[in-house]
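Visitor: I would like to know how the labels used for a structure follow from its values. Please take me through some of them.

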Amino acid sequence: MGTEGWCLLLCLALSGAADTAVERQWRAVDVVLDCLLVEEGQQRGGFVSKENMVKALLVLKQVPVLDDGSLEGFTNFQLDTMATDNPPVTFEASVNLIQIPHAEALLHADCSGKEVTCEISRYFLQARQEATVEKAAWFITNVQVSGGGPSISMVMKTLRDAENGVILHPTLKLLQGLQGTVQTAVELQVTTRTPSLSFLLGSSASLHCSFSMAPSLDLTSVVWRLQQKGSGQLVYSWTMGQGQVKREGVTLEPEQQLMAGNASLTLPGLTLKDEGTYICQITTSLYQAQQIIQLYVQASPKVQLSLASEALRPTLICNIAGYYPLDVTVTWTREELGGAPVPVSDAFFSSLRQSPAGTYSISSSLTAEPGSAGATYTCQVTHVSLEEPLRASIWVSPPEQRTMPLGVLFASSLFFLVLLYLGLQRRQATSSKLCQDSEAFWAATLLPPSKKKE
């Protein structure tokens, strides 16, 4: 049976059991993935394009998944060699030596409207074991579920089953079973459930990375690197029990959890310098595989709306400060009393400003036309860091409530000047009388009696 029929049966089974509440139990099923195989000679340094790839199937044999009753009657995969004259290269991969996490996401991807991309290529050993060089070949498979789903990398080793007989595969020149499939076993897998993450500036981020390896392998190192703006830097390194920290505050999972397959990294107090592409690299005594995680750091804008001038046509200024990344959308609306908001154009923007921390600020100004009854103006800001737009509103009163008629203004000014003049005159008269009284007092006090009689 081909993969299309296999997936159709699975989706029908899932839809039939959607409304049935059944206790979930573990069950071993075959997970079949449509893949692309990089042709021989295209993996080492050559440019890989779709022209260099051929169709392939990957069958993960007997993967344990939680069954809620939807897999009742589900049969294992069987290759239909009569369906086409040119059947795809089929890999059957045993998972007895390792664990396949998030198998449900792979199994149900087609039914949930998600896409699974799968690419298989040759894998060349870093440290070759002479005893196995002539008997085996190795492949690495990268699987990605769309829509923020998990990403899995697997190293597979070919097997030779002498009891069932073997033939030579016409494309790969590898030994294959009588059913026409290349028999392999997965010996190392590295997984992240979050290939892309977004966190707010100043928060703490946890980058998930887990692995599972065959019992015959030893863990030798775990390395986290950051690729940013064309350059790479070491973030954390663990080698044979010794940790090396290159980014302040960063922590790896405790060694007990690390040896159990959890190599997740925690970054506290995020800054914009932490944004970039992180690589979690797992190295064993024989293999090396990695996962790539894209970390985005965001800062939410702060919005303040003010009345800059109260002229007959007042100016409004909407200040948007402290946001990251750069793209931001600012819109204006005008709403009269009892009416609906109406979009307003003709807004002006200031030059972009950037703080030492790397966040951006910008201002938008608008000349208001409140009309005879006044109006409410709203500045709305949309940014990727916001779950919903931010809004700031201000009431702009009609002109007659903000300015006086010219005649009233002139009369008021003239009245004020008259009062000021009268006040100054009275103060001058009072000061003159005080001086005369003071002179008479001192004359009576200081002059001799004879002078007083004269």
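Guide: This is a predicted model. We can start with strand β22 (residues 329–335) and strand β27 (residues 375–382), which run antiparallel and are joined by seven bridges.

Visitor: What makes β22 and β27 a pair of strands?

Guide: Two strands pair if at least two bridges are found between them. Strands β22 and β27 have seven bridges, so they count as paired. In general, strands of a sheet pair through backbone hydrogen bonds, either parallel or antiparallel.

Visitor: Which sheet holds β22 and β27?

Guide: They belong to an open sheet of four strands, in the order β23-β22-β27-β28, with antiparallel pairing.

Visitor: Why are β23 and β28 said to stand at the edges?

Guide: Strands β23 (342–344) and β28 (390–396) each have a single partner strand, so one side of each is left without a neighbour in the sheet. From one strand to the next, the twist averages 30 degrees.

Visitor: Why is the pair K61 and D30 called a salt bridge?

Guide: The rule asks for a side-chain nitrogen of Lys or Arg within 4 Å of a carboxyl oxygen of Asp or Glu. For K61 and D30 the N to O distance is 3.1 Å, so the pair meets the rule. K61 is in strand β2 (residues 53–67) and D30 in strand β1 (residues 25–38), and the two residues are 31 residues apart.

Visitor: Which residue forms a salt bridge with E92?

Guide: E92 forms a salt bridge with K61, and their closest N and O atoms are 3.7 Å apart. E92 lies in strand β3 (residues 89–94) and K61 in strand β2, so this pair ties together parts that are 31 residues apart in sequence. E92 has a relative accessible area of 10%, so E92 is buried. D30, K61 and E92 are therefore linked in a network of salt bridges.

Visitor: How do you know that E336 and R334 form a salt bridge as well?

Guide: Their closest N and O atoms are 3.0 Å apart, and the cut-off is 4 Å, so this pair passes too. R334 counts as buried because its relative accessibility is 18%, whereas E336, at 42%, is partly exposed. By this rule the count comes to five salt bridges. In general, side chains of opposite charge can pair when their charged atoms come close.

Visitor: Why is E119 called partly exposed?

Guide: E119 has a relative accessibility of 33%, so E119 counts as partly exposed. E119 is found in strand β4 (residues 116–122). Leaving out residues up to four places away in sequence, E119 touches L36, V38, M53, I140, T141 and N142. The C-alpha atoms of E119 and L57 are separated by 9.9 Å, and these two residues are 62 residues apart along the chain.

Visitor: Is T141 buried or exposed?

Guide: T141 counts as buried because its relative accessibility is 0%. T141 sits in strand β5 (residues 138–145). Among the residues T141 touches are L58, C118, E119, I152 and M156.

Visitor: Which residues touch the most other members of the largest nonpolar core?

Guide: That core has 59 residues, and V222, W224, L267 and Y287 touch the most other members. The contacts of Y287 include Y123, L125, W138, V155 and I282. Apart from that core lies another, of 35 residues, among them F91, V116, F139 and V143.

Visitor: How many helices and strands does the chain have?

Guide: The chain comes to seven helices and 28 strands. Of its 454 residues, 38% are buried. Among contacts between residues at least 6 apart in sequence, 64% join residues at least 24 apart.

Note on methods. Residues are numbered from 1 along each chain as its sequence is written. This is a predicted model: local features need pLDDT of at least 70, side-chain atom pairs count only at pLDDT 80 or more; totals for chains, interfaces and linings use all residues. Side-chain values use heavy atoms; hydrogens and water are left out. Buried means under 20% relative accessible area, exposed over 50%, partly exposed in between (1.4 Å probe, protein chains only). Contact means heavy atoms within 4.5 Å. Axes are lines fitted to C-alpha atoms, for helices over the stretch in contact, and angles run from 0 to 180 degrees between N-to-C directions. A nonpolar core is a set of buried Ala, Val, Leu, Ile, Met, Phe, Trp, Tyr and Cys residues joined through side-chain atoms within 4.5 Å.
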